[in-house]
Amino acid sequence: MNFFNPALFSQYRSVLMGVSIIWIFIFHSKAVGIPVYDEIQKFGWAGVDIFFFLSALGLSFSLDKNNDTLDFLKRRAKRIIPTWLTVLFCVHLLGLLCNKYLPSLTFNVPHTILQCICWYTGIGFFISDFVSESRCFYYEWYVPSLLFFYVITPFLYKLKTQFLVIFLIVAIVIAYLLYFFNLLPSLRLFYLRFPAFIMGIFVYRIIKSQWKFYPYALSCSLILGLMLCALLYGFGVKIPKYFVFQLLMPTICLCFIFLTKYLRLVHFFSFFGGISLELYLIHIYKRPHYLMGFVFENKLLIVLSTLVLCTIAAICLREIVKFISVKVENKLL
């Protein structure tokens with residue numbers, strides 16, 4: 001296998017998604033007292049950057065096959081929104097029940113019509129810096145951000161490469177200024193991930209054009225990322241950690257691919273890549289971890305049992321949403 005083959009990102013996309021969701025799951029878990037595991041756990045936020053990168057890559061290939069923007073958005077929405085709305089409704093209902101019968105368990109859910117509108121549309125995340133009790137306006141930030149990226153992807157896809165570079169530079173500068181001056185802190189996870197998304201579109205173009213300078217660009221990205229690491233950790237320069245990882249991300253993803261193949265874990269991570277959205281939405285706020293804490297005392301057992309529990313729930317959620325979607329489509333037809 002050629003390490004410098006950019007097509008590997010597309011070929012092993014589901015594997016990388018599986019690695020990412022497991023990494024994110026570990027991040028949302030607590031440290032267990034095992035040094036190597038705990039170090040991996042600290043950097044689990046990087047899995048989200050990989051998700052955005054892979055999403056842009058997949059979206060670009062999708063647009064390449066069918067350049068109909070409306071049809072594209074319809075297909076993307078069909079994959080994300082039914083699952084997302086189902087989870088939002090279940091969490092909303094569970095939160096109302098807990099607030100009434102188990103007030104000791106803190107659940108922030110919508111109570112007014114305005115909060116419900118913001119909650120079920122994702123708008124609540126984008127206005128969270130401007131409203132009080134913002135956690136009653138949205139459940140999580142990733143899906144609203146991803147839906148926003150879906151909407152602008154056809155525009156980015158059609159840009160010439162030089163204009164895409166300008167767009168990327170402007171996005172980085174604006175994101176850095178917002179970060180440096182601590183503006184819109186609730187949206188920080190969103191705007192600092194924009195470069196990772198655009199990088200996915202770049203890699204798509206490299207794959208399609210078979211750009212011969214790709215190995216040198218990959219090496220430069222790695223070197224620059226390591227230099228930023230030195231500035232960030234050695235000299236205390238205020239650089240977003242997400243920017244640093246995004247430069248290292250292509251090389252790290254390729255290392256993940258080679259490692260999963262070497263350990264023969266391709267099918268294992270591909271499986272989790274297929275339920276990554278469901279698994280993310282179910283475990284996001286650690287409540288399953290809290291539940292398994294009543295069953296086990298050992299921290300590692302809590303993490304493993306929670307992963308099993310959430311995996312079963314994710315499979316069930318996927319099948320239920322698929323069943324309901326088919327029924328609704330048949331009714332409409």
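Biologist: Is Ile169 buried, partly exposed or exposed, and what is its relative accessible area?
Modeller: Ile169 is partly exposed, with a relative accessible area of 48%. Buried means under 20% relative accessible area, exposed means over 50%, and partly exposed is in between (1.4 Å probe, protein chains only). One heads-up: this is a predicted model, where local features need pLDDT of at least 70, side-chain atom pairs count only at pLDDT 80 or more, and totals for chains, interfaces and linings use all residues. Residues are numbered from 1 along each chain as its sequence is written, and side-chain values use heavy atoms, with hydrogens and water left out.

Biologist: Okay, where does Ile169 lie?
Modeller: Ile169 is in helix 9 (residues 161-180). Helices here are DSSP runs of H or I with at least four residues, numbered from the N terminus.

Biologist: And which residues make the nonpolar surface patch?
Modeller: Val165, Ile169, Val173, Leu177, Phe180, Phe181 and Leu183 make that patch, about 620 Å² of it. Patch residues have over 30% relative accessible area and no salt bridge, and nonpolar side chains (Val, Leu, Ile, Met, Phe, Trp, Tyr) are joined within 5 Å. The areas come from the Shrake-Rupley method with a 1.4 Å probe.

Biologist: New topic. How many salt bridges does the structure hold?
Modeller: It holds 7. A salt bridge is a side-chain nitrogen of Lys or Arg within 4 Å of a carboxyl oxygen of Asp or Glu. Take Lys42 and Glu39, whose side chains meet at 3.0 Å, N to O. Both sit in helix 3 (residues 35-42), 3 residues apart, which is about one turn of the helix.

Biologist: Are Lys42 and Glu39 buried, partly exposed or exposed?
Modeller: Lys42 counts as partly exposed at 48% relative accessibility, and Glu39 is partly exposed with 41%.

Biologist: What about Asp49, which residue does its side chain meet in a salt bridge?
Modeller: That would be Arg193, at 3.0 Å from N to O. Asp49 is in helix 4 and Arg193 is in the loop between helix 10 (188-191) and helix 11 (194-209), so the pair ties together parts that are 144 residues apart in sequence. Asp49 and Arg193 are both buried.

Biologist: And Lys208, what does its side chain meet?
Modeller: Asp64, in a salt bridge of 3.0 Å, N to O. Lys208 belongs to helix 11 and Asp64 to helix 4, so this pair also ties together parts 144 residues apart in sequence. Lys208 is partly exposed at 47%, and Asp64 is partly exposed at 34%.

Biologist: Which residues are linked in a network of salt bridges?
Modeller: Arg318, Glu319 and Lys322 are.

Biologist: Let's do rings. How many aromatic pairs are there?
Modeller: There are 33. Rings of Phe, Tyr and Trp (its six-membered ring) pair if their centres lie within 6.5 Å; planes under 30 degrees apart count as stacked, over 60 as edge-to-face and the rest as tilted. In one of them, Trp23 and Phe256 have ring centres 5.6 Å apart and planes at 85°, so that pair is edge-to-face.

Biologist: Where in the chain are Trp23 and Phe256?
Modeller: Trp23 is in helix 2 (residues 13-28) and Phe256 in helix 13 (residues 241-262), 233 residues apart, so to speak from distant parts of the chain. Trp23 is buried at 12%, and Phe256 is buried at 19%.

Notes: Helices (H or I, at least four residues) and strands (E, at least two) are DSSP runs, numbered from the N terminus. Patches are made of residues with over 30% relative accessible area and no salt bridge: like charges are joined within 9 Å, nonpolar side chains (Val, Leu, Ile, Met, Phe, Trp, Tyr) within 5 Å.
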